[in-house]
Amino acid sequence: MANPKPEELARIEYKPPKTGWMDTPAEIRKGMFCHAGKSKSLEYVGLPNPRQWTVMEEDWKLPENWQEIFIEGLRERVNKFRSFRLFLDICVRCGACADKCHFYIGGGDPKNMPVLRAELLRSVYRKYCTTSGKIMGKIAGARELTVDVLKEIWYYAYQCTECRRCSLFCPYGIDTAEITILARELLNLLGLNIDWIAGPVANCYRTGNHLGLQPHTIKDTFDMFADDLETFTGIRVNPTFNRKGAEILVVVPSGDFFADPGTYTTMGELLLFHELGLDYTWSTYASEGGDFGFFTSNEMAKRLHSKIYAEAKRLKVKWILGGECGHMWRVWHQYHNTWFGPMDFLEEPVSPITGTKFENAKSNKTVHICEFTSDLIKNGKLNLDKSRNDDLVVTFHDSCNTSRGMGFLEEPRYIINNVCNKFYEMPPNTIREQTFCCGSGSGLNASENMEIRLRGGLPRANAVKHVVQKYGVNMLSCICAIDRAALTASVDYWVPGTRVTGVHEMVGNALVMKGEKKRTTNLRGDPLPGMEGE
């Protein structure tokens with residue numbers, strides 16, 4: 001569909017096809033998939049089968065023994081991960097998850113029902129890993145691994161953002177996101193990556209961030225931030241880089257260096273750190289909190305995550321303060337300890353301002369910036385003027401990885417309620433643990449797959465539209481860099497006039513700093529309420 005209008009894209013057909021799912025071939029069409037991973041990206045990090053290929057060509061240039069590679073990889077992972085085998089075995093196809101996926105809700109494709117998306121791989125598992133499937137075949141829900149089956153698995157594995165909303169409603173606790181993760185690992189063995197993952201993975205490995213920013217570029221960007229902040233506040237912030245012996249290493253998603261509205265989040269953080277007199281430093285080498293390896297393979301995720309701790313050790317900091325990012329925190333919260341165990345060369349984080357010991361960070365020595373800031377507010381350490389955000393009527397999007405993935409629910413709301421006067425929640429079944437995904441996570445935030453992104457973003461946008469119409473909401477806040485990028489496009493399409501912000505942009509607006517000049521604009525350069533004439 002070329003440049004469809006919202007009213008056209010919202011006409012969704014939920015009627016299933018006349019034939020069964022095994023007899024209904026996948027229709028791979030433009031707007032629904034990302035470009036193939038480039039050869040140079042795979043080669044740089046040693047990923048399998050680097051070559052130039054395109055999705056719409058019939059020949060995907062697979063290895064000669066591709067079936068053997070895939071099936072052996074499947075058997076290896078089934079034997080290695082007990083949860084994977086359990087998730088493949090126990091599904092009774094009850095359909096409790098069917099209408100919970102944002103891609104199915106926004107698109108109507110039955111194969112985007114989580115139960116059926118998982119069944120694409122599960123059918124191959126039955127054929128090659130179970131006795132009933134080997135003997136009974138299709139009657140037992142098993143099927144041969146053909147090229148068409150492989151392409152179908154690829155197509156739908158990259159129409160899942162691994163948000164885990166479906167798992168919340170599964171009566172057996174099946175985590176379909178884990179099935180997607182393992183499906184992508186198997187596809188990765190054949191070099192079947194997408195460019196918006198393979199490229200950032202190579203960049204992260206090469207330069208330390210997914211955008212491929214060089215150290216001098218990062219420094220120049222921060223100089224521009226400092227110039228703008230001096231214009232707005234009269235105060236010059238002086239961040240340091242790669243400074244040995246600082247107490248805290250700050251690591252944020254690199255998108256917040258370079259892409260609006262994330263840049264305003266970084267500017268707010270710079271003001272906060274300056275006002276506190278925090279002994280901190282940034283790294284131009286570990287300049288990416290997000291882990292794009294997580295969307296490729298378990299081993300690649302470990303390789304990219306380890307750079308942060310290598311840099312913390314090199315700089316001899318005490319602990320790490322992490323920024324507003326989603327998969328960055330899922331990796332830190334759910335995978336780090338299994339991969340590496342406690343980081344004994346770092347100290348258990350203690351706020352140098354309030355003395356609060358962050359006991360939940362005892363193992364990985366990493367504190368979320370919203371934990372840090374909410375603790376400051378609770379202990380009365382910040383002078384905040386909420387009226388500076390009175391032009392904003394705010395709602396909050398719970399990012400999947402921080403909310404559903406790690407139960408991080410209250411701190412962002414506590415901050416928002418202390419820095420602005422007008423805050424309204426979206427409907428209860430669209431937030432907190434039940435939050436809808438932005439529609440573009442897990443490496444799908446490209447431009448060539450915009451139709452599936454907009455379809456996936458429809459459920460969240462509908463909830464935003466509800467509070468826009470009921471309360472006059474004009475700002476959607478969140479604590480994830482991919483959300484800030486994805487929701488900007490999605491909300492602008494479905495609910496034009498609504499903008500997107502990080503939480504610490506609003507903190508920066510409200511923060512009354514010692515020695516600041518009279519402020520007339522917010523961090524975007526827009527007039528503060530009542531300052532339009534100045």
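# Cavities, pockets and helix packing

Guide: The largest cavity holds about 160 Å³ of space. Keep in mind that this is a predicted model.

Visitor: How many cavities of 30 Å³ or more turn up in the whole structure?

Guide: The search finds 5 of them.

Visitor: Back to the largest cavity. Which residues lie nearest its centre?

Guide: Those are Thr-161, Cys-400, Asn-401, Gly-441 and Ser-442. They belong to a lining of 18 residues.

Visitor: How does the lining of the largest pocket split by class?

Guide: It splits into 17 nonpolar, 6 polar and 8 charged residues.

Visitor: H8 came up there. At what angle does H8 pack with H10?

Guide: The angle between H8 and H10 is about 130 degrees, and their axes are 10 Å apart. That angle makes H8 oblique to H10.

Visitor: Is the crossing of H8 and H10 left-handed or right-handed?

Guide: H8 crosses H10 in a left-handed sense.

Visitor: Which residues meet there?

Guide: From H8 there are Leu-150, Ile-153, Trp-154 and Ala-157, and they meet Thr-180, Ala-183, Arg-184 and Leu-187 of H10. By class, this contact of H8 with H10 has 6 nonpolar, 1 polar and 1 charged residues.

Visitor: What about H10 and H3, how far apart are their axes?

Guide: The axes of helix H3 (residues 66-80) and helix H10 (residues 176-188) are 9 Å apart, at an angle of about 140 degrees. The crossing of H3 and H10 is right-handed.

Visitor: Which side chains or backbones are involved, residue by residue? I mean, which residues of H3 meet which of H10?

Guide: Phe-70, Gly-73, Leu-74 and Arg-77 are on the H3 side, while Leu-182, Glu-185, Leu-186 and Leu-187 are on the H10 side. Sorted by class, the contact of H3 with H10 has 5 nonpolar, 1 polar and 2 charged residues. Leu-187 of H10 is listed in the contact with H3 and in the contact with H8.

Visitor: Changing topic: where does Pro-261 lie?

Guide: Pro-261 is in the loop between helix H13 (255-258) and H14. The peptide bond leading from Asp-260 to Pro-261 is cis, with omega near 5 degrees.

Visitor: And H14 itself, at what angle does it cross H12?

Guide: Helix H12 (residues 215-233) and helix H14 (residues 262-276) cross at roughly 70 degrees, and their axes come within 10 Å. With that angle, H12 is roughly perpendicular to H14. The crossing of H12 and H14 is right-handed.

Visitor: Which residues make the contact?

Guide: H12 brings Phe-222, Phe-225, Asp-228, Leu-229, Phe-232 and Thr-233. H14 brings Thr-263, Thr-266, Met-267, Leu-270 and Leu-271.

Visitor: How do those residues divide by class?

Guide: In the contact of H12 with H14, 7 are nonpolar, 3 polar and 1 charged.

Definitions and conventions:
Residues are numbered from 1 along each chain as its sequence is written. This is a predicted model: local features need pLDDT of at least 70, side-chain atom pairs count only at pLDDT 80 or more; totals for chains, interfaces and linings use all residues. Side-chain values use heavy atoms; hydrogens and water are left out. Axes are lines fitted to C-alpha atoms, for helices over the stretch in contact, and angles run from 0 to 180 degrees between N-to-C directions. Helices (H or I, at least four residues) and strands (E, at least two) are DSSP runs, numbered from the N terminus. Angles under 35 degrees count as roughly parallel, over 145 as roughly antiparallel, 65 to 115 as roughly perpendicular and the rest as oblique. A crossing is left-handed if the near helix is turned anticlockwise from the far one by less than a right angle, and right-handed if clockwise. Contact means heavy atoms within 4.5 Å. Ala, Val, Leu, Ile, Met, Phe, Trp, Tyr, Cys and Pro count as nonpolar, Asp, Glu, Lys and Arg as charged, and the others, Gly among them, as polar. On a 1 Å grid over the protein atoms alone, a cavity is a set of points where a 1.4 Å probe fits but cannot get out, and a pocket is an open set with protein on both sides within 12 Å along at least five of seven lines; lining residues have an atom within 4 Å of a point. Grid points are joined across faces, edges and corners, and a volume is the space filled by probe spheres set on the points.
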